[in-house]
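Please take a look at the model below.

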Amino acid sequence: MMENFPLIEASSVDSMSDQPIRISIKGLQPNQLISLHSWLISDNHNTFECVAQYMSNNEGIVSLQNDKSVGGDFVGNEPMGLFWAMQPSIINKKPYARLAKLDVTTPMVVTIDAYNACFNSTEDLHNLKKECTLQSLKLTSIKLNRLFMAPGTKRITYTVEKDGVHGTLFIPPGEKTFPAL
């Protein structure tokens, strides 16, 4: 008999930051309660994160597109909740961190971890981390690249010193003309 191992699947590992993606977790036990933890480290070295609880269906699958979060930082059917619900982490050195993308030429890397545990908050997760029991509860993980600049886009910075004008021109790939401001 072949054993199932949990696996997080995404419709796209590399996607534009404003593009919805489909995420599912397969290989779970039927009706298994799990916690998902999404997190990223921003360009200015602050961590942002969120947790959500889901119950797998009779086939051992959680689909963020179809299933409702039953606890954590958001509740209900929110397919992109693991992204929009991220808050500054309690592990940041400075409170009130702001999520800002400083270099649009690099992706924002979002990690999603699945745990065989119930976290109502990121504080619960960090308490288990301090107790050194968190890693033993991890089922699977995936890294997703959220792009702010489409592949092939040219980025040209303009500065006119005498007028104090600064700007950046983004030119999409292709030979046709594109509208501009």
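The questions below move from the whole chain to single residues.

This is a predicted model: local features need pLDDT of at least 70, side-chain atom pairs count only at pLDDT 80 or more, and totals for chains, interfaces and linings use all residues. Numbering starts from 1 along each chain as its sequence is written, and side-chain values use heavy atoms, with hydrogens and water left out.

Q: How many helices and strands does the protein chain have?
A: Helices (H or I, at least four residues) and strands (E, at least two) are DSSP runs, numbered from the N terminus. The count for the protein chain is three helices and 12 strands.

Q: What percentage of the residues of the protein chain count as buried?
A: Buried means under 20% relative accessible area, exposed over 50%, and partly exposed in between (1.4 Å probe, protein chains only). The protein chain has 181 residues, and the buried share is 38%.

Q: What is the order of the strands in the open sheet of three strands?
A: Two strands pair if DSSP finds at least two bridges between them. Strand 3 (residues 23-26) and strand 6 run antiparallel, joined by two bridges. Strand 1 (7-10) and strand 6 (62-63) are the edge strands, each pairing on one side only. The order is 1-3-6.

Q: Which residue of strand 6 is the bridge partner of Ile 25?
A: Two bridges join strand 3 to strand 6. The partner of Ile 25 in strand 6 is Val 62.

Q: Which residue forms a salt bridge with Lys 26?
A: A salt bridge is a side-chain nitrogen of Lys or Arg within 4 Å of a carboxyl oxygen of Asp or Glu. The N to O distance for the Lys 26 pair is 3.0 Å. It links strand 3 to strand 1, with the residues 17 apart. The partner is Glu 9.

Q: Is Lys 101 buried or exposed?
A: Lys 101 forms a salt bridge with Asp 43, with the closest N and O atoms 3.1 Å apart. Lys 101 lies in the loop between strand 8 (87-88) and strand 9, and Asp 43 in the loop between strand 4 and strand 5, so the pair ties together parts 58 residues apart in sequence. Asp 43 is partly exposed at 27%. Lys 101, at 18% relative accessibility, counts as buried.

Q: Why does Asp 113 count as buried?
A: Asp 113 forms a salt bridge with Lys 138, the closest N and O atoms being 3.6 Å apart. Lys 138 is partly exposed at 29%. Asp 113 counts as buried because its relative accessibility is 3%.

Q: Which side chain of opposite charge is nearest to Glu 49?
A: Lys and Arg count as positive and Asp and Glu as negative; His and the chain ends are not counted. Glu 49 sits in strand 5 (residues 47-55). Glu 49 is buried yet has no salt bridge. At 6.7 Å, the nearest side chain of opposite charge is Lys 129.
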